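Here is a short briefing on one protein chain. Keep the sequence and the 3D view open while reading.

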Amino acid sequence: MFIVYNVLMTVLAPFWVPWMLLRARRRGEQPKWSERTGDYEFQPLKDSKRVWIHAVSVGEVVAATPILKALRNLLPDYEIVLSVTTSSGHHMARDHAVDLYDHLVYFPIDVPRFQLAAMQHVQPSVVAIMETELWLNFLWAAKIFDAKTLLINGRISDRSFARSRKLKTYYRAILEKLDRALMQSERDAEKIRELGATNVEVLGNAKIDQAVEGLQADPEEWRRELDLPAEKPVIVIGSTRGEEEERFVLSALKLVGLENITVIHAPRHLERVPELVKLLKEAGVQPALRSQGKGGQYVILDTYGELDEVYSVADVVIIGGGFADLGGQNLLQPLAHGKPVLHGPHMQNFREAADEADRSGGAQSVSTPEDLAQALLQLIDDPGERASRGRAARELIQKSTGASKRYAQAIADEAKKFQRTA
């Protein structure tokens, strides 16, 4: 499979290389291409006291933050290399995790030469991969250098699992190079066992710990910062993805009456901001941009790393990613703040969290703009219902914390056992 995979990578290079370059060009900040070819500026440590954590983009960096904090305490004399794939992930790590790593790099493209070059520079005792980012050549290179390989906070969405089952031979080749698969839930564990993993454990969801970290936010301070009108309920919209979802949510807000509410809207991808502004202006709304230091009745949160605290000012939270068939987005942060959450039906990537939140009463699934408007009006008009759902949300999160320390302990245990062969 190793040979077949790399032959296909070579044959298909005329297709995937332009696609990769085009995706990068669409982002405001370009990656460092020398690092994507494995050319890092630092050199190996003689005692191999280095751990490599890979987090793809913003979501994985956010989830990794409490793990990195715990790891710093457990391995104070080790260096931590944090790699990301996207420029937005790089930006998030620079701005919000800067004290939690020693080296921040771009992940090498999964070509043997690039992966070997990167591994030669890093030479970690442990490689820990966040969530689902499994690359055959990366794990192959890690084993060449005798590194222990861990999947941490592992999860497999229903959609990914359906695709992966068709490529079992490929995934078996990857998973045989994985020393430990540490998963979020029993459901995730069952899926990865079916794909061929053997050493599988369930340690919980680190994103719950990260969600709790945003609770130090002062809602009154954020109200002043965003210049929010005091007399109107606040709706925070988190992580809508694309025009279809933006139109869906805006249709519901019109039914509620935009003049009756205050809205803070954080699109999942900041490249969408100009189109979102245009859409709102067409609807007669003049939005304010957070990046310009403005606030008001409809604020677009076009900044990195503030949403988890901004949830503190919400009366109701709308989570995107599930109104269109996109798999959903993380709803744990607003639940941790004790905010009732409304989301769409397509939450495949966060199915267990969404289902449990719905059962607890902390969240509710809606399928149409009319349903969303009705749910919003019910919560806006009934403070008692709002408070009851908020308590259910907070209690759900509080009983599920602690996974980050378990992941950090697993990494530390493997690092302390490490021995490189001559």
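The notes below cover a sheet and then some salt bridges.

The model is predicted. An open sheet of 7 strands runs in the order β10-β11-β9-β8-β12-β13-β14, with parallel pairing. The structure also holds 21 salt bridges.

**Sheet**
- β10 (288-289) and β14 (363-365) stand at the edges; each has a single partner strand, so one side of each lacks a neighbour in the sheet.
- β10 pairs with β11 (residues 298-300) in the parallel sense, over 2 bridges.
- L289 has I300 in β11 as its bridge partner.
- Helix α17 (residues 351-360) packs on the sheet and touches β13 (341-343) and β14. The direction of α17 makes about 110 degrees with that of β14.

**The E131 pair**
- E131 and R155 form a salt bridge, with the closest N and O atoms 3.1 Å apart.
- E131 lies in the loop between β4 (126-130) and α7 (136-144), and R155 in the loop between β5 (148-154) and α8 (158-165), so the pair ties together parts 24 residues apart in sequence.
- Both E131 and R155 are buried.

**Salt bridges of R290**
- E225 meets R290 in a salt bridge (2.9 Å, N to O).
- E225 is in helix α12 (residues 219-225) and R290 in the loop between β10 and β11, 65 residues apart.
- E225 has 43% relative accessibility, so it counts as partly exposed. R290, at 11%, counts as buried because the cut-off is under 20%.
- R290 also forms a salt bridge with E306, the closest N and O atoms being 2.9 Å apart.
- E306 sits in the loop between β11 and α15 (307-310), 16 residues from R290. E306 is buried.

**Network**
- Salt bridges with shared partners join R180, E201, E414 and K417 into one network.

How values were computed: Residues are numbered from 1 along each chain as its sequence is written. This is a predicted model: local features need pLDDT of at least 70, side-chain atom pairs count only at pLDDT 80 or more; totals for chains, interfaces and linings use all residues. Side-chain values use heavy atoms; hydrogens and water are left out. Two strands pair if DSSP finds at least two bridges between them. Helices (H or I, at least four residues) and strands (E, at least two) are DSSP runs, numbered from the N terminus. Contact means heavy atoms within 4.5 Å. Axes are lines fitted to C-alpha atoms, for helices over the stretch in contact, and angles run from 0 to 180 degrees between N-to-C directions. A salt bridge is a side-chain nitrogen of Lys or Arg within 4 Å of a carboxyl oxygen of Asp or Glu. Buried means under 20% relative accessible area, exposed over 50%, partly exposed in between (1.4 Å probe, protein chains only).
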